[in-house]
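Subject: Handover of a structure and the findings on it

Dear colleague,

Please find below the structure that I am handing over to you. A description of the findings follows it.

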Amino acid sequence: MKTLKDLWLDLFRPLSSFGYTEGQGTTRLSWSPAFLAAQDFLQQYAGKNGLHCEKDGWGNLLMTVPGKEDLPPVYTGSHLDTVPHGGKYDGALGITVPLAIARFWREKGFLPRRPLTIIAFAEEEGTRFGTPCMGSQALTGRLQGQSPEAFVTPDGCPLPQLLQQAGLKGDSFAPHLLPGKCFLELHIEQGRSLEDAQLPLGIVSAIVGIRHFMITVQGKANHAGTTAMKNRQDALAAAAAEITEIYQSALASQGQYVATVGHIRVSPDAGNVIPGEAEMSLEIRAAEDSVMDQAIARFKEFSHGLEQQYDVIFSWKQLDQIPPLPMDRKIMELFKDYATKESVPFQIQPSWAGHDSMIVGHFLPTAMLFVPSKNGISHSPEEFTSAEDIGQAAEVLEKVLMHLTME
Ligand SMILES: [Zn+2]
């Protein structure tokens, strides 16, 4: 009998060819021919191994290992779509490992007590309409009430047409998630912390919260030659000091939070005029709301000090607030227990990126496992995780899925 790792490789290698071009990475946009062919391939594999397959109106593929009893299923899965010129592992890993587990169980003759449903989500990356996690949002009914016609791809194709071309029928926004026991997602880390710690496994504690702000600095535009330095109200100089403070504070937080100023607009934006206004974005992410509260309070206080120093006015506008999503403690404990039993070293860490788990986590107890990303690279053809690391994570996931489906 083959090992779980080898069963996974047997499935992952052929799946990786869908949308792959040598030197160009993987481009498997939702509902594209490569995406649909990959879905067909998965469906055939699942069918051959005794799983029941169905698609919802959105194009999420659900593959179910029947249980001995008609109980709410354990859900697992991830997304099948990629970004343009992305990697093979992002998303596909969280589908192929559970499918290999289903095959492994079949070969072992293991029948779970409750069903195990493996979901291959469509459109997690947000490539088609600029909105991430749409597949999990559709599945959980979060898009209900919105008009499908309102979603149009960058090249002008409306959603209903795309779904029709993909052969999908029915209400694309109708919820399709049955009452379930829980949801588990295996994903690449997309960062460097596991590699830096030389660990093969991360147990996710929370998906970080995100807040966005627009900060406007009001100064006074004036002649760049005749205005003495002491008389200036330079909005950009003040903004630069604030950006440096934000950067240095985030650096000093040692991983408590990350903060980014990624956009700045200066007015009047001329080389011989003192900037009269600067508008900049701020994004902050942390696993705890209190950490973000404190950091923002400090940034604001610092900006008030700059108002006097530079004779400007700072205005802060919060644009949104996505709270952190803590992972289910009970499932985290199971991950820890089985990783310890299997002698797989691990760390507990937040997820700094969003995932389908972030959506499903509002409906079901949810937990995530991470495997290392070489050099922290993802969304790139260079994305890589060793089969050894994946094999170890697969062993832990298999044991935990077995445990949960027997409950
Ligand atoms: Zn992903």
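How many helices and strands does the secondary structure of the protein come to? There are eleven helices and 18 strands, where helices (H or I, at least four residues) and strands (E, at least two) are DSSP runs, numbered from the N terminus.

Please note that this is a predicted model, in which local features need pLDDT of at least 70 and side-chain atom pairs count only at pLDDT 80 or more, while totals for chains, interfaces and linings use all residues. Residues are numbered from 1 along each chain as its sequence is written, and side-chain values use heavy atoms, with hydrogens and water left out.

Overall form

The C-alpha trace spans about 85 × 50 × 40 Å along its principal axes. Of the 407 residues in the protein, 52% are buried; buried means under 20% relative accessible area, exposed over 50%, and partly exposed in between (1.4 Å probe, protein chains only). Among contacts (heavy atoms within 4.5 Å) with a separation of 6 or more, 80% come from residues 24 or more positions apart.

The two domains

The protein is divided into domain 1 (4-207 + 325-406) and domain 2 (209-322), with bounds that come from an automatic or database domain assignment. The C-alpha centres of domain 1 and domain 2 are 38 Å apart. Five residues from domain 1 and eight residues from domain 2 take part in the contact. About 430 Å² is buried between domain 1 and domain 2, and carbon and sulfur atoms give 66% of this area. Buried area here is the accessible area (1.4 Å probe) that two parts lose on being put together, summed over both. Across this interface the rule finds zero salt bridges, a salt bridge being a side-chain nitrogen of Lys or Arg within 4 Å of a carboxyl oxygen of Asp or Glu. The rule does find one residue pair in polar contact there, with both residues at pLDDT 80 or more. A polar contact is a pair of N or O atoms within 3.5 Å; within protein, one must be able to donate a hydrogen and the other to accept it, and residues adjacent in sequence count only if both atoms are side-chain atoms.

The zinc site

Three residues coordinate the zinc ion at 2.0 to 2.1 Å: H79 (NE2), D90 (OD) and H187 (NE2). Donors are N, O and S atoms within 2.8 Å of the metal (3.2 Å for Na, K and Ca); water is not among the atoms, so sites may look incomplete. Along the chain, the donors follow the spacing H-x10-D-x96-H. Because H79 lies in strand β5 (residues 74-79) and H187 in strand β7 (residues 182-188), the pair ties together parts that are 108 residues apart in sequence. H79 is buried, at a relative accessible area of 0%, and H187 is buried as well, at 1%.

Salt bridges

The structure holds 16 salt bridges. One of them joins the side chains of K5 and E388, at 3.4 Å from N to O. K5 is in helix α1 (residues 4-15) and E388 in helix α11, so this pair ties together parts 383 residues apart in sequence. K5 is partly exposed at 26%, and E388 is partly exposed at 46%.

R211 forms a salt bridge with D289, their closest N and O atoms being 3.0 Å apart. This pair links distant parts of the chain, with R211 in strand β9 (residues 209-218) and D289 in helix α8 (residues 289-310), 78 residues apart. R211 is buried at 5% relative accessibility, whereas D289 is partly exposed at 29%.

Within helix α11, E395 and K399 lie four residues apart, about one turn of the helix. Salt bridges that share partners join K108, E342, E395, E398 and K399 into one network.

Individual residues

Q39 lies in helix α2 (residues 33-48) and is buried, at 1% relative accessibility. A polar atom of the Q39 side chain is 2.7 Å from the backbone oxygen of G59.

A cis peptide bond joins S267 and P268, with omega about 5°; P268 is in the loop between β12 (264-267) and β13 (273-274). Q254, which is not a glycine, has a positive phi near 55°, and Q254 is exposed at 73%. H379 likewise has a positive phi of about 55° although it is not a glycine, and H379 is partly exposed at 37%.

Yours sincerely
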